[in-house]
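Let's walk through the charged side-chain pairs of this protein together. Have the sequence and the 3D view at hand as you read.

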Amino acid sequence: MSQEAWQNDLYEQLAAGSAQEVNPIAGGLLQTLDDRRFQTLRTALLDDLHLYPDASALEVGCGPGILLEPMHERVGTGGKIAGLDLNPHFIQVAKRRVEMLEYDNATFVTGDCHALPFEDGAFDAIVAEKLLMHVGPISRIISEMKRVLSVGGRLVLTDYDPFTIMTAGPDPALTSRVLASASKVYASPNAARETAAACVQAGLYIEKVHGHLMVFEDPYSKTVSGIANVWYEHAASGRLVDRGTARRWLKAIEMTAKEGRFMIAIPYIITVATKVR
Ligand SMILES: C[S@@+](CC[C@H](N)C(=O)[O-])C[C@H]1O[C@@H](n2cnc3c(N)ncnc32)[C@H](O)[C@@H]1O
């Protein structure tokens with residue numbers, strides 16, 4: 001299949017909702033749109049963002065337009081919504097969703113968060129969920145977000161801490177080693193711990209830093225089996241543990257799920273900052 005045909009096929013399948021088979025990462029993100037745990041986190045982020053009618057809001061690292069509908073609800077038809085992501089497949093999906101929902105105030109662009117293609121002070125509110133851990137240096141990206149934020153505007157950033165995830169089943173010491181190895185895939189695995197300080201360094205005022213623990217207790221949750229498999233692959237590639245050890249860890253989680261003792265908890269840190277000048 002040519003590259004172009006493959007991409008069109010991917011777009012079609014993403015739009016048709018069978019993305020998981022085509023692109024597990026895109027599919028995984030689309031699945032989280034409906035998951036009540038992610039919805040709870042996203043509601044908390046938007047509450048922190050203090051959106052109001054006619055405000056202009058940007059999501060950086062928006063994937064397939066994760067916050068499109070709830071942002072639209074809050075800023076109304078007089079507001080402005082923008083999304084930016086490095087992955088053109090996601091942006092294509094987001095654009096299709098805008099068309100389907102018949103919103104005429106939402107724009108999605110493919111771009112890099114290191115150089116946002118927006119004017120200074122263009123947005124009243126900016127949010128980024130699980131972006132900073134994938135990019136770096138985070139101080140540079142936060143400065144860039146500050147640039148496109150209006151004075152008085154709010155910035156809400158969240159990432160989870162990959163080193164402190166809890167799982168029932170495997171020995172906690174093994175879990176720590178596996179997750180430390182898996183964390184090597186992230187450009188900024190310490191993002192959750194360092195975002196607030198980076199905001200201060202960028203000259204932003206920190207309004208609040210708080211936590212959100214996302215708990216998965218459903219052993220049959222597709223989201224979680226997907227995540228555990230991804231961590232297993234990452235851990236093996238991180239080389240702090242060998243593949244056999246990582247597999248033993250995954251098997252212990254699967255065994256726990258079979259026995260109905262399943263639990264994974266992922267700690268998120270949410271940083272809320274404002275631009276005072
Ligand atoms: C883990 S996903 C999170 C997506 C979404 N915010 C969510 O919470 O489900 C990270 C996203 O960041 C995007 N991304 C990675 N590097 C980026 C960059 N340099 N600029 C913009 N987006 C980037 C990826 O394409 C991906 O959509």
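Which residue forms a salt bridge with Glu129? The partner is Lys130, and the closest N and O atoms of the two are 3.2 Å apart. A salt bridge here means a side-chain nitrogen of Lys or Arg within 4 Å of a carboxyl oxygen of Asp or Glu. Glu129 counts as buried, at 6% relative accessibility (buried is under 20% relative accessible area, exposed over 50%, partly exposed in between, with a 1.4 Å probe and protein chains only).

Before going on, a word about the model: it is predicted, so local features need pLDDT of at least 70 and side-chain atom pairs count only at pLDDT 80 or more, while totals for chains, interfaces and linings use all residues. Residues are numbered from 1 along each chain as its sequence is written, and side-chain values use heavy atoms, with hydrogens and water left out.

By the salt-bridge rule, the count comes to 15. One of them joins Glu217 and Arg36, 3.1 Å from N to O. This pair links distant parts of the chain, 181 residues apart: Glu217 sits in the loop between strand E7 (205–216) and helix H10 (222–238), and Arg36 in helix H4 (residues 36–49). Helices (H or I, at least four residues) and strands (E, at least two) are DSSP runs, numbered from the N terminus. Glu217 is partly exposed, at 39% relative accessibility.

Now look at Lys208 and Asp48, whose side chains meet in a salt bridge at 3.0 Å, N to O. Because Lys208 lies in strand E7 and Asp48 in helix H4, the pair ties together parts that are 160 residues apart in sequence. Lys208 is partly exposed, with a relative accessible area of 37%, whereas Asp48 is buried, at 6%. Finally, salt bridges that share partners join Asp35, Arg36, Arg37 and Glu217 into one network.
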